[in-house]
Amino acid sequence: MTGAEVTREHVRVAVIGAGFGGLGAAVRLRRAGITDFVVLERAGAVGGTWRDNTYPGCACDVPSHLYSFSFAPNPEWPRNFSGQPHIRAYLERVTDTFGLRPHLRFDSEVRAMRWDSRALHWEIDTASAALTADVVVSATGPLSDPKIPDIPGLADFPGRVFHSSRWDHGYDLRGKRVAVIGTGASAIQIVPAIHREVDRLTLFQRTPAWVLPRMDRRISAAEHWLHTKVPATRALRRAVLWGVRELQTGSFTKRPDSLRLVERMAVRHMRRAIEDPALRARLTPDYRIGCKRILLSGDYYPALAQPHVDVVAAGLKEVRGSTLVAADGTEAEADAIIFGTGFHVTDMPIARRVTGAYGTTLAEEWRDGMEALRGTSAAGFPNLLTIIGPNTGLGTSSMILIIEAQLAYLVDFMRQLDVLGGKVALDARPSAVRAWTDRVQERLSRTVWNVGGCDSWYLMGGRNTTVWPGTTTEFRRVTRRVDVTEYRVLRPEREAPPGAAPDVVGAGAGAAREAR
């Protein structure tokens, strides 16, 4: 052992990330009586996505009372759909209310993580220190690392370039010629927020999005009073919001053709704001609504109808000095380029830094597509649980519901380790992962995300590794308890119980590879 290894701090649980997933894990661990844990955060504050995304107009497209923890209700949400500052403030309040500050390690980006098959723990190297942990909870989230396409000539662009999630607040957009690349959830909030102050705005649209009205309004003082004084009304509001979305799920997962009615609503919404037939044509999708994320906005189309706003119905292909060239040959001059091109979702960067029991990284194991038992456990990576892992995404409801279901799974995982006793690890059986993945993929084969006729960020090589093909109720049910028979139980040989089966002893890489 080297000196560095001797001095490593050891904790029972290391949580990576201090967004909704990481903070939720910390709360649930404390409530389960587990206090020997740390939360490793690469930045200097909590908030995750809601700390990083500070672009103009940034807000949630899920109703506030549903986009919050069930164990930390907020009766004072200011609007139906709250903005970034209020959501970040909510997460700061959760951190303080549940006493999480002592567990936080800021400026501690995880640079490398290795499973020690003899010691049965994870070795973790961070930007601030090195430590070991019996269990690791990866809650880095799928919307944390921005993706900027490799555009020829971009490096020589003389103006300012930045991604929506890394907004340059020091750059004044007033009077500038601005190009926005992408038409996803961020872009439809940015365009209405900045179009009045820029001289000219050019939107490069590779694929048009389906947009529905955003039923937003300020929540009244009377509602705040009622939700504070009569908590049952707050719970009822959340239950109604949840129930409506549960009922809608079947159209997305089983009856995609039934979404035609929703398409007609979206078309009417566009026609009310866009009079130009040519612009309407450019903005009308040719795929089933829901195949890509449905966007909500009441001011996106009015912004696009302004005379100083241009919509280029093609992606950005090349940059020649300050001239931007689209795939269809259209050219536009720009002083600034803002990328609203999404994140590394199907190729999570953290996966390249995690080396498991086989000596391979999680990224290498997932090179043909992410897969994990119940969206949480990957084979060959013992005692590693991923929050918002493969096939846990939602196209119809609040991700906080999925997160809470996975947190229940985490708590039962820790309970199972205690029941087994001694130094022990659980490694998802490859056969269990395959069976789970096959079942999920078979169900996805008839969903709108697979058959809706679009190419979305849900897919990797035509395979949907992102979305959960069911209701949140069902996901909560299948993650309520850990089925130990779906895991290999690993122990040091000296601690193996008498008569133990071969795959519960000898936790070295050789044994793991053999079982694989």
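In which loop does Arg-374 lie? Arg-374 is found between helix 11 (362-365) and strand 18 (384-386), where helices (H or I, at least four residues) and strands (E, at least two) are DSSP runs numbered from the N terminus. The model is a predicted one, in which local features need pLDDT of at least 70 and side-chain atom pairs count only at pLDDT 80 or more, while totals for chains, interfaces and linings use all residues. Residues are numbered from 1 along each chain as its sequence is written, and side-chain values use heavy atoms, with hydrogens and water left out.

Although Arg-374 is not a glycine, its phi is positive, at about 55°. Arg-374 is also buried, with a relative accessible area of 12%; buried means under 20%, exposed over 50% and partly exposed in between, for a 1.4 Å probe and protein chains only. A positive phi, near 55°, also occurs at Asp-107, again a residue other than glycine, and Asp-107 sits in the loop between strand 3 (104-105) and strand 4 (110-116).

Another arginine, Arg-443, belongs to helix 13 (residues 430-444) and is buried, with a relative accessible area of 18%. Its side chain reaches the backbone oxygen of Pro-469 at 2.9 Å. Leaving aside neighbours within four places in sequence, Arg-443 is in contact (heavy atoms within 4.5 Å) with Trp-468, Pro-469, Gly-470 and Glu-474.

The next topic is the nonpolar core, a set of buried Ala, Val, Leu, Ile, Met, Phe, Trp, Tyr and Cys residues joined through side-chain atoms within 4.5 Å. The largest such core has 139 residues, of which Phe-20 and Ile-124 touch the most other members, and helix 12 (residues 399-420) gives the most to this core, with 12 residues. Not counting residues up to four places away in sequence, Phe-20 touches residues including Trp-50, Tyr-67, Phe-69, Ile-400 and Ile-403. Apart from this core lies another, of 16 residues, among them Leu-154, Ala-179, Val-312 and Leu-324.

Helix 8 (residues 260-273) has 14 residues and should span 20 Å at 1.5 Å a residue, which agrees with the 21 Å between its end C-alpha atoms; the expected span is 1.5 Å times one less than the number of residues. Its buried residues are Glu-263, Ala-266, Val-267, His-269 and Met-270. These lie on the same side of helix 8 because they cover an arc of only 160° around the axis, the arc being that of the directions from the helix axis to the C-beta atoms. The buried residues of helix 8 pack against strand 10 (211-212), helix 9 (277-283) and helix 10 (300-304).

Terms used. Polar contact = N/O pair within 3.5 Å; in protein donor to acceptor, adjacent residues only side chain to side chain.
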